Amino acid sequence: PRYRVSEQAKPVNFYPDVAAFVAGFLAPTFAREWHDQDTERRWCSSWWLHTEAIVRIEALWKAWETLRLDQGTGASTWLRDHADPTMHALTHPAGTFARCKPTRHHTLPSLVLDPPPPGLFDDPTP
């Protein structure tokens, strides 16, 4: 039999969306002084213009919403498994925001792709 979770049993998000999470939690928590000359890390104030940043930060937010309910090791798990790797990927000199500066946004081009051979991804089951 299938079981339904009642709407009342579902936890309610603390932040209504990823932008509220970034403004209300991520930005103040990971506050840094960002300089145009900084070669160690980058941040983009227009983070929402980077598809990779949206994907990573939304996943970070969803993990936070779940792990914040764990009164034991939820916070440390979130930091170790989610926040630290995500912030590293975003702010690393070769990462998502590599060409951005605090006063200038720059989107990197998409990965170059060769088309796969015809039929490579066809479903082999009839």
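Predicted model: local features only at pLDDT ≥ 70, side-chain atom pairs only at ≥ 80, totals over all residues.
A search of the whole structure finds 0 disulfides. The pair to look at is C44 and C100: the cysteine sulfur closest to that of C44 belongs to C100, and because the two are 3.5 Å apart, against a cut-off of 2.5 Å, they are too far from each other for a bond.

In soluble globular proteins, nonpolar side chains tend to be buried together. Here the largest nonpolar core has 23 residues, and the members that touch the most others are F21, L26, W47, I57, W78 and F97. Three helices, α1 (18–29), α2 (51–67) and α3 (74–91), each supply at least two residues of this core, and the largest share, 7 residues, comes from α2.

Which residues does F21 contact, once its neighbours within four places in sequence are left aside? They are Y15, L26, I57, L60, W61, W64 and W78. F21 itself is buried, at 0% relative accessibility.

That brings me to the aromatic rings, where the count comes to 10 pairs. One of them joins Y15 to F21, with 5.9 Å between the ring centres and 75° between the planes, an edge-to-face arrangement. Y15 is buried too, its relative accessible area being 11%. A further pair is F25 with W78, and since their planes stand at 70°, with the centres 5.7 Å apart, this pair is also edge-to-face. F25 lies in helix α1 and W78 in helix α3, so the pair ties together parts of the chain that are 53 residues apart in sequence. W78 counts as buried, at 3% relative accessibility. Taken as a network, ring pairs link F14, Y15, F21, F25, W64 and W78 into a cluster.

Now to the packing of helices. Two packed helices are described by the angle between their axes and the distance between the axes. For α1 and α2, the axes come within 10 Å and cross at roughly 70°, and because angles of 65 to 115 degrees count as roughly perpendicular, that is the term for this pair. On the α1 side the residues that meet α2 are V18, F21, V22, F25 and L26, and their counterparts in α2 are I57, E58, L60, W61 and W64.

Let me close with two individual positions. A83 sits in helix α3 and is buried, with a relative accessible area of 0%. Not counting residues up to four places away in sequence, A83 touches F30, L60 and W78. In the case of L60, the separation is 23 residues in sequence and 6.6 Å in space, C-alpha to C-alpha.

The other position is E33, in the loop between α1 and α2. Is E33 buried or exposed? At 60% relative accessibility E33 counts as exposed, because the cut-off for that class is over 50%. E33 and P102 are 69 residues apart in sequence, yet their C-alpha atoms are 9.5 Å apart in space.

Definitions and conventions:
Residues numbered from 1 in each chain as written. Heavy atoms only, no water. Core = buried A, V, L, I, M, F, W, Y, C linked by side-chain atoms within 4.5 Å. Buried < 20%, exposed > 50% of the residue type's maximum accessible area, 1.4 Å probe, protein only. Helix = DSSP H or I, 4+ residues; strand = E, 2+ residues; numbered from the N terminus. Contact = heavy atoms within 4.5 Å. Phe/Tyr/Trp six-rings, centres within 6.5 Å; stacked < 30°, edge-to-face > 60°. Axes fitted to C-alpha atoms, helices over the stretch in contact; angles between N-to-C directions. Parallel < 35°, antiparallel > 145°, perpendicular 65-115°, else oblique.
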